[in-house]
Amino acid sequence: MVCTRCKMVVKAELEQLGFNPVAVNLGEVELSQESLTQAQTNTIAEALAKFGFELLADKKKQLVEQAKTAIIEQVHYATEPLKVNFSDYLSQKLGIEYGTLSAVFSETEHNTIEKYVIQQKIEKVKELLTYGESSLSEMAYLLNYSSVAHLSAQFKKISGQTPSAYKQSQQASRRTLDEI
């Protein structure tokens, strides 16, 4: 789950199935029941699959999804810039050594955490450019870039065009967060 609407869909679907979700957060659900039967788990998995969600039983995949969720929350929903390195933030948030997290992430995703963070930041910049909500200086500050030049260089490297060219283009292509 990567957005508020996703959380709403999951909650509604669980309630429709007769489960009582205590908390629905990005990437995880807490039910009032202590444990589920295999049949109940299968029912939930089938219902959520209709919406493109999957239940993760593999511990490595769960860890990667927790990392992705933490990154998405920080990049797309935080209102203040991060005061520490992303590696420290993730280690602290997930309670796991960054080296271990990085290795599991790379093995599972065939991508590094650093590249994933950059991709998320560029998508956020695209969003802000599309809606004209911020200047490049404000974007650079919010997303922890050392300068507008650094942000612009990464933007061009990832998207193939400068931020200004992207803003002026009629074919502004954005990807949903779960496609990154």
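Predicted model: local features only at pLDDT ≥ 70, side-chain atom pairs only at ≥ 80, totals over all residues.

The protein chain has nine helices and two strands, and 34% of its 180 residues count as buried. From there, we can follow Tyr89 in helix H4 and Gln74 in helix H3.

**The whole chain**

- The C-alpha trace spans about 55 × 40 × 30 Å along its principal axes.
- Take the contacts between residues at least 6 apart in sequence: 52% of them join residues at least 24 apart.

**Tyr89 in helix H4**

- Helix H4 covers residues 86-94, and Tyr89 is part of it.
- Is Tyr89 buried or exposed? Tyr89 counts as buried because its relative accessibility is 13%, and the cut-off for buried is under 20%.
- Setting aside neighbours within four places in sequence, Tyr89 is in contact with Ala70, Gln74, Leu82 and Val84.
- With Ala70 there is also a pairing of polar atoms: a polar atom of the Tyr89 side chain lies 3.5 Å from the backbone oxygen of Ala70.

**Gln74 in helix H3**

- Gln74 belongs to helix H3, which runs over residues 59-77.
- Gln74 has a relative accessibility of 16%, so this residue counts as buried too.
- Which residues does Gln74 touch, not counting those up to four places away in sequence? They are Glu80, Pro81, Leu82, Phe86 and Tyr89.
- Gln74 and Tyr89 are 15 residues apart along the chain, and their C-alpha atoms are separated by 9.5 Å.

**The cavity**

- The structure holds one cavity of 30 Å³ or more, and the volume of the largest cavity is about 70 Å³.
- Which residues line the largest cavity? Gln74 is one of them, together with Val75, Leu82, Phe86, Lys121, Leu142, Leu143 and Asn144.
- Sorted by class, this lining has five nonpolar residues, two polar ones and one charged one.

**Helix H6**

- Helix H6 takes in residues 113-131, which makes 19 residues.
- From its first C-alpha to its last, H6 reaches 27 Å, close to the 27 Å expected at 1.5 Å a residue.
- After H6 comes Gly132, which has a positive phi, near 60°.

Technical notes:
Residues numbered from 1 in each chain as written. Heavy atoms only, no water. Helix = DSSP H or I, 4+ residues; strand = E, 2+ residues; numbered from the N terminus. Buried < 20%, exposed > 50% of the residue type's maximum accessible area, 1.4 Å probe, protein only. Contact = heavy atoms within 4.5 Å. Polar contact = N/O pair within 3.5 Å; in protein donor to acceptor, adjacent residues only side chain to side chain. 1 Å grid on protein atoms, 1.4 Å probe; cavity = no way out; pocket = protein on both sides within 12 Å on 5 of 7 lines; lining within 4 Å. Points joined across faces, edges and corners; volume = space filled by probe spheres on them. Nonpolar A, V, L, I, M, F, W, Y, C, P; charged D, E, K, R; others polar. Expected span 1.5 Å × (residues − 1).
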